[in-house]
Amino acid sequence: MKAHLFTEASRLEQTGPLLSQAKQFLSEQHILYPSDEVLRRLIVQQRQLARDHIYQRISAGLDQSKRKKLDSLLEKDGDATYTPLQTLKQPPRRPSPTSILRLTKKLALIQEMEVLDISLQWLNNNYQRSLARYVRQRSAHRLKQLKPERRYAVLVCYLHQ
């Protein structure tokens with residue numbers, strides 16, 4: 001059951017779908033259900049292990065120079081008003097030559113980070129979008145407070161998206 005929940009937690013993030021997957025697995029194996037609370041505790045435990053595994057696997061693909069580049073996204077340059085990450089987050093404006101130039105600068109910055117070389121094909125696309133959404137909803141200050149492995153994983157997923 002733990003191995004099954006670990007693989008499902010690597011694919012799904014929410015507790016509800018994981019709970020239904022666990023019940024389906026138990027019924028296929030002809031095993032009686034434990035209480036929902038026991039299943040939820042097991043799901044939370046396996047989900048945390050799956051997250052740690054994902055963060056470590058993404059971080060393992062980063063060398064020191066890529067880590068420094070990712071950290072530089074969260075720092076203001078000189079007297080700049082915004083961090084480079086905040087400028088990446090800004091949506092495109094009205095279609096105009098200036099907007100296209102701004103978008104090409106953003107793409108050049110992403111390519112300069114060299115994180116697109118890291119393959120994330122093994123990571124479920126929905127999970128990848130969830131990690132990218134985490135970056136969109138947080139400030140650079142909040143992202144700096146994350147553990148390094150998690151910070152690098154969410155930034156890599158955001159830049160891939």
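## Buried residues of α3

Buried means under 20% relative accessible area. By that cut-off, this predicted model has a run of buried positions in helix α3: L39, L42, I43, Q46, R47, A50, I54, Y55, I58 and S59.

Helix α3 has 25 residues, which should span 36 Å at 1.5 Å a residue. Its end C-alpha atoms are 36 Å apart, so span and expectation agree.

## α2 against α3

Two packed helices are described by the angle between their axes and the distance between the axes. Helix α2 covers residues 15-28 and helix α3 residues 36-60. Their axes come within 10 Å and cross at roughly 115°. Angles of 65 to 115 degrees count as roughly perpendicular, and α2 and α3 are therefore roughly perpendicular to each other. The crossing is right-handed.

Which residues make the contact? From α2 come T15, L18, L19, A22, K23 and L26. They meet D36, L39, R40, I43 and R47 of α3. By class, this contact has six nonpolar, one polar and four charged residues.

## α7 against α9

Helices α7 and α9 pack at an angle of about 100°. Their axes are 8 Å apart. That angle makes α7 roughly perpendicular to α9.

On the α7 side, the contact residues are Q128, L131, A132, Y134, V135 and R136. On the α9 side, they are R150, V154, L155, C157, Y158 and H160. The contact divides into eight nonpolar, two polar and two charged residues.

## Helix α9 and its cover

Helix α9 has 13 residues. From first C-alpha to last, α9 reaches 18 Å, close to the 18 Å expected at 1.5 Å a residue. Buried positions in α9 are R151, Y152, A153, V154, L155, V156, C157, Y158 and L159.

Which elements cover the buried residues of α9? They include α3, α4, α5 (84-89), α6 (97-112), α7 and α8 (140-144).

## Y158 in α9

Y158 lies in helix α9. Is Y158 buried or exposed? Its relative accessible area is 12%, so Y158 is buried.

Setting aside residues up to four places away in sequence, Y158 touches L85, L88, K89, A132, V135 and R136. A132, V135 and R136 belong to the α7 side of the α7 and α9 contact. Y158 and L88 are 70 residues apart in sequence. Their C-alpha atoms are 10.0 Å apart in space.

## L70 in α4

L70 sits in helix α4. Its relative accessibility is 0%, so L70 counts as buried. Beyond residues up to four places away in sequence, L70 touches L62, M113, V115, Y152, L155, V156 and L159. Y152, L155, V156 and L159 are among the buried residues of α9.

L70 and Q161 are 91 residues apart along the chain. Their C-alpha atoms are separated by 15 Å.

## Loop residues

S10 is found in the loop between α1 and α2. With a relative accessible area of 18%, S10 is buried. Leaving aside neighbours within four places in sequence, S10 is in contact with A50, I54, L123, N124 and Y127.

Most residues other than glycine have a negative phi. H30 is not a glycine, yet has a positive phi of about 55°. H30 is placed in the loop between α2 and α3. H30 is exposed, with a relative accessible area of 74%. E114 also has a positive phi, of about 60°, and is not a glycine. E114 is found in the loop between α6 and α7. At 34% relative accessibility, E114 counts as partly exposed.

Terms used
Residues are numbered from 1 along each chain as its sequence is written. This is a predicted model: local features need pLDDT of at least 70, side-chain atom pairs count only at pLDDT 80 or more; totals for chains, interfaces and linings use all residues. Side-chain values use heavy atoms; hydrogens and water are left out. Axes are lines fitted to C-alpha atoms, for helices over the stretch in contact, and angles run from 0 to 180 degrees between N-to-C directions. Helices (H or I, at least four residues) and strands (E, at least two) are DSSP runs, numbered from the N terminus. Angles under 35 degrees count as roughly parallel, over 145 as roughly antiparallel, 65 to 115 as roughly perpendicular and the rest as oblique. A crossing is left-handed if the near helix is turned anticlockwise from the far one by less than a right angle, and right-handed if clockwise. Contact means heavy atoms within 4.5 Å. Ala, Val, Leu, Ile, Met, Phe, Trp, Tyr, Cys and Pro count as nonpolar, Asp, Glu, Lys and Arg as charged, and the others, Gly among them, as polar. The expected span of a helix is 1.5 Å times one less than its number of residues. Buried means under 20% relative accessible area, exposed over 50%, partly exposed in between (1.4 Å probe, protein chains only).
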